[in-house]
Amino acid sequence: MFFDSDLLMSALRALTPILLAALGGAVCERAGVFNIGLEGMMLMGCFTAVATSWFTGSPWLGVLAAALAAAAYSLILAVGTVTLRGDAVVLGVAMNLLAVGLTSFLLRTIFGVQGTFDDPSLTGLPLVGGFSPLAYLAWAAVAVAALMLSWHVWGLRLRGVGEAPEAAATLGVSPARYKYAAVLVSGVLCGLAGAQLALGNVTLFSENMTAGRGWIAVVAVMLGRALPFGVLLAALLFGVAEAAGFRLQGLGLPQQATDAAPYVVTLGALFLSTAQRRRRTGRTTGVAS
């Protein structure tokens with residue numbers, strides 16, 4: 001049977017890093033910062049988690065270090081877009097490219113290996129019910145983010161900063177402060193996503209191991225319209241696609257075809273979403289005229 005409990009478990013494990021990163025992107029989107037640097041932040045989290053866990057013997061210190069490192073890395077985006085008024089897209093792409101080169105350089109410099117670092121002494125995260133604690137944290141974060149963005153004063157002000165920064169400033173709210181906070185929160189969540197990927201899903205680091213998951217998280221933010229539960233559903237779609245790809249690979253399909261499954265689903269979801277929005281816009285225009 002193709003669809004069974006094992007496929008669901010695999011999909012939920014694949015969902016976790018995408019969901020954490022996408023929640024970070026959603027927070028940035030609400031603040032008016034288009035963050036496509038999620039891939040680079042995740043990759044920095046992956047390397048930092050593995051390096052710290054290997055040196056200290058504690059995966060939890062690895063998780064903490066990953067969150068802090070990705071948050072520090074996210075300051076490039078915060079300073080560049082908020083303080084220096086730079087282009088968020090250009091900065092995000094540059095951050096992604098820098099992370100690939102920097103982690104590859106550090107892999108050779110610190111561990112003296114190329115490609116993949118996999119050591120028996122490397123300690124991964126414990127599993128509870130088949131999932132790491134970060135998986136449960138990701139699911140809880142969806143509810144917390146929904147409550148914060150819809151009901152809490154901080155979330156309402158964050159939305160105001162993203163939708164009308166000038167009006168928010170006249171009410172005494174600092175748009176720069178809230179944008180910085182949103183980007184830092186995004187960095188922390190991406191660091192946790194990287195730690196989950198490197199110490200939860202597997203226990204190793206390989207060059208460019210995020211393999212486009214940060215870009216998929218960006219698409220999840222777009223499909224979910226930066227709403228926490230919408231982001232959850234979009235991330236679940238991609239998690240199922242990735243798990244199905246692994247299942248099809250086990251059934252004999254070429255690895256290249258199965259690896260492409262999540263990205264094919266991404267393109268299809270974007271196409272359907274764009275077509276639906278255009279149809280709604282056309283109906284609205286027709287009614288108005």
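Which helix gives the most to the nonpolar patch? Helix 4 does, with three residues. This is a predicted model: local features need pLDDT of at least 70, side-chain atom pairs count only at pLDDT 80 or more, and totals for chains, interfaces and linings use all residues. Residues are numbered from 1 along each chain as its sequence is written, and side-chain values use heavy atoms, leaving out hydrogens and water.

The surface patch consists of Phe34, Val89, Val93, Leu97, Trp215 and Met222, with about 510 Å² of accessible area together. Two elements give two or more residues to it: helix 4 (88-111) and helix 9 (213-223). Helices are DSSP runs (H or I, at least four residues), numbered from the N terminus. Phe34 sits in the loop between helix 1 (5-30) and helix 2 (38-56). Its relative accessible area is 33%, so Phe34 is partly exposed (between the cut-offs for buried, under 20%, and exposed, over 50%; 1.4 Å probe, protein chains only).

Now go inside. The largest nonpolar core has 64 residues, of which Leu19 and Phe205 touch the most other members. A core joins buried Ala, Val, Leu, Ile, Met, Phe, Trp, Tyr and Cys residues through side-chain atoms within 4.5 Å. Another core, of nine residues, lies apart from it and includes Val27, Leu158, Tyr178 and Ala182.

Finish in helix 1, at Cys28. Cys28 counts as buried because its relative accessibility is 0%. Beyond its neighbours within four places in sequence, Cys28 is in contact (heavy atoms within 4.5 Å) with Val33, Asn35, Ala182, Val183 and Ser186. Cys28 and Gly162 are 134 residues apart in sequence, yet 8.7 Å apart in space, C-alpha to C-alpha.

Note on methods. Patches are made of residues with over 30% relative accessible area and no salt bridge: like charges are joined within 9 Å, nonpolar side chains (Val, Leu, Ile, Met, Phe, Trp, Tyr) within 5 Å. Accessible areas come from the Shrake-Rupley method with a 1.4 Å probe; for residues, only the protein chains shown count as cover. A salt bridge is a side-chain nitrogen of Lys or Arg within 4 Å of a carboxyl oxygen of Asp or Glu.
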